[in-house]
Amino acid sequence: SGRRSNLGDESPMTRAALLLLLPIARPALAGVVPVSTSAQLVAAIDAAVAGDVITLAPGTYAVAQSLLCDAPGTASAPIVVRAASPGTAEIRFEIG
């Protein structure tokens with residue numbers, strides 16, 4: 001029959017190589033997404049996943065389009081857009 005292998009059975013070098021490959025195979029993970037331009041804001045919202053915290057650097061973000069997020073947040077992992085420091089970022093919609 002075929003040989004079964006567990007991580008514990010491998011050499012330290014093989015384990016290290018396998019662990020290095022794990023992040024490549026994983027789906028996108030939620031995290032803090034720093035933003036400092038309007039283009040980055042649009043891209044961050046477009047690519048957001050549940051649990052992302054899109055953090056705006058101080059400034060004004062002029063947006064000339066609707067912002068659409070394809071992924072839903074959840075009650076336990078909402079998608080959040082916030083200023084790095086309260087009151088320091090403004091999003092202006094210039095649609096129309």
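Helices (H or I, at least four residues) and strands (E, at least two) are DSSP runs, numbered from the N terminus. This is a predicted model, in which local features need pLDDT of at least 70 and side-chain atom pairs count only at pLDDT 80 or more, while totals for chains, interfaces and linings use all residues. Residues are numbered from 1 along each chain as its sequence is written, and side-chain values use heavy atoms, with hydrogens and water left out.

Next, colour Leu41, Ala44 and Ile45, which are the buried residues of H2. They lie on the same side of H2, because they cover an arc of only 95 degrees around the axis, the arc being that of the directions from the helix axis to the C-beta atoms. Turn to the other side of H2 to find Ala39 and Ala47, which are exposed, that is, over 50% relative accessible area.

Now move to the sheet, an open one in which three strands are ordered S1-S2-S4 with parallel pairing; two strands pair if DSSP finds at least two bridges between them. Its edge strands are S1 (32–35) and S4 (80–83), each pairing on one side only. Between S1 and strand S2 (residues 53–56) there are four bridges, and selecting Val33 shows Ile54 in S2 standing opposite.

Finally, select Tyr61, whose contacts, leaving aside residues up to four places away in sequence, include Val35, Leu41, Leu56 and Ile91.

Methods:
Contact means heavy atoms within 4.5 Å. Buried means under 20% relative accessible area, exposed over 50%, partly exposed in between (1.4 Å probe, protein chains only).
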